[in-house]
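Open your viewer and get ready to click along.

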Amino acid sequence: MKKLNLTANLGLKIASLLFAAILWFLVTNISDPVDSVRFSNVPVTLRNANSITDNNQVYQVLEDSDVISTVSVYAPRSIVDSLNKENIVAIADLENTTNIDGTYYVAIQLSTNKYSNQIQSISGSIDSVELSIENRASKTLAISATTTGTLTDGYIIGDVVTDQNQIRITGAESVVDSVKDAQVNVEVTGYTTNIGTNAEIHLYDDEGNEVPKDNLKLSSSSVGVSVTILATKRVPITYQISGIPAEGYVATGEVEFSPEDVLLAGRMSVLNKIDSIFVSDAALDITGYTGDLTTTIDLSGYLPGNVSFGDADFNGIATVVAHIDKKSDKTVSVPYSQIEITNIPEGYEAELVDEGKNFDLLISGLSDKVNKIEPEDVSGVADLSQVESGAEDISGEYNINVSLLLPGGVTTGDMVNAVVRLTKIE
């Protein structure tokens with residue numbers, strides 16, 4: 001029997017084997033070659049977040065690391081062609097969090113949800129999610145309401161009221177501590193009637209910068225806001241001074257007051273009925289004064305119901321000064337000829353018995369007024385309607401009370417009588 005020689009033509013046998021291997025590789029790859037595909041912005045699913053939150057902590061993803069910018073998959077072309085972004089599975093298990101110098105990392109596990117056993121390799125541009133982990137904190141804040149914009153001329157903003165006045169925020173301790181104010185804002189441009197709306201709540205730090213709410217939990221995201229819009233009208237104020245100063249003193253008639261007018265706010269139907277504000281107050285009584293009266297009046301007590309002051313800078317307090325000066329006296333000699341006789345009975349003529357004489361009159365008032373008075377500035381009236389006319393003949397002399405006419409600012413306490421002679425006309 002002929003013995004088989006396995007080493008015969010060894011080189012030819014090795015060459016044949018290599019050729020067969022190359023031929024197999026070419027055949028398999030020509031029919032379904034290995035290819036690659038890239039997918040962009042693949043989201044990472046975070047699992048077992050309760051491993052952090054159950055410890056009264058909160059986490060925040062840093063640098064948008066929960067999105068992989070590029071995922072590359074290597075597989076036969078037939079597999080690659082059938083994959084899309086939704087087939088890429090990226091998972092980060094928060095139970096496997098690692099702390100490195102205060103930053104927390106969670107490894108990303110990449111796979112596909114189909115043909116997973118035919119994927120040669122899969123990799124991402126990042127391999128972990130970065131987190132910050134802090135203790136959870138809460139805070140309750142008062143909600144303040146503001147407005148922006150410009151109302152129509154003649155209107156102002158009254159009350160701005162929210163339907164709830166507090167909000168509770170929860171989140172990372174450092175973020176919660178940075179929030180100092182909660183506000184809502186309502187745009188009022190062009191409005192002439194009351195506004196009722198829902199407004200979003202915004203959070204601010206102590207420098208007035210808005211704090212993002214993305215990683216905070218709010219008890220409410222918005223509140224109802226009511227804005228009262230009021231019409232306005234400017235009206236003058238009249239102050240009534242009453243009483244008489246002390247003996248020897250007189251009111252000069254000069255009154256200083258501030259303000260002279262006020263801006264009122266309310267419903268237009270109410271404001272249309274108001275033309276002025278009349279102030280009569282016990283504080284304006286000058287009785288017994290020997291010097292200027294200076295006082296303040298709270299004008300709010302003189303406003304009709306549902307009307308307020310339209311100027312936010314005005315507190316409703318008016319200042320009034322009534323000037324009082326020492327009285328000056330002067331005696332003037334007035335001719336009787338400056339007395340006019342009136343109501344002379346029919347059929348009679350009348351004359352003053354003292355026609356060519358004078359009478360003395362003591363006048364009082366402010367020095368500057370009294371000193372200017374001359375006799376010719378004083379006149380009087382003798383009214384004969386005081387004479388009884390029942391008799392057949394009423395001729396005779398009568399003592400008639402004279403009504404004196406004095407210049408403004410002066411007075412007299414003297415009584416003046418004039419003797420009038422009546423003569424019947426023949």
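Show the whole chain first: among contacts (heavy atoms within 4.5 Å) between residues at least 6 apart in sequence, 75% join residues at least 24 apart. This is a predicted model, in which local features need pLDDT of at least 70 and side-chain atom pairs count only at pLDDT 80 or more, while totals for chains, interfaces and linings use all residues. Residues are numbered from 1 along each chain as its sequence is written, and side-chain values use heavy atoms, leaving out hydrogens and water.

Of the chain's 426 residues, 31% count as buried (under 20% relative accessible area, with a 1.4 Å probe and protein chains only).

Next, select Tyr 249, Val 250, Ala 251, Lys 327 and Thr 411. Of the 16 residues lining the largest pocket, these lie nearest its centre. A pocket is an open set of points on a 1 Å grid over the protein atoms alone, where a 1.4 Å probe fits, with protein on both sides within 12 Å along at least five of seven lines; lining residues have an atom within 4 Å of a point.

Colour strand S16 (249-258) and strand S28 (410-412), the elements that give two or more residues to this lining. (Strands are DSSP runs of E, at least two residues, numbered from the N terminus.) S16 has the largest share, four residues.

For the last stop, select Ser 132, Glu 134 and Arg 136, which are among the residues lining the second largest pocket. Strands S3 (57-61), S8 (128-148), S10 (166-172) and S14 (216-218) each give two or more residues to that lining.

Technical notes:
Buried < 20%, exposed > 50% of the residue type's maximum accessible area, 1.4 Å probe, protein only.
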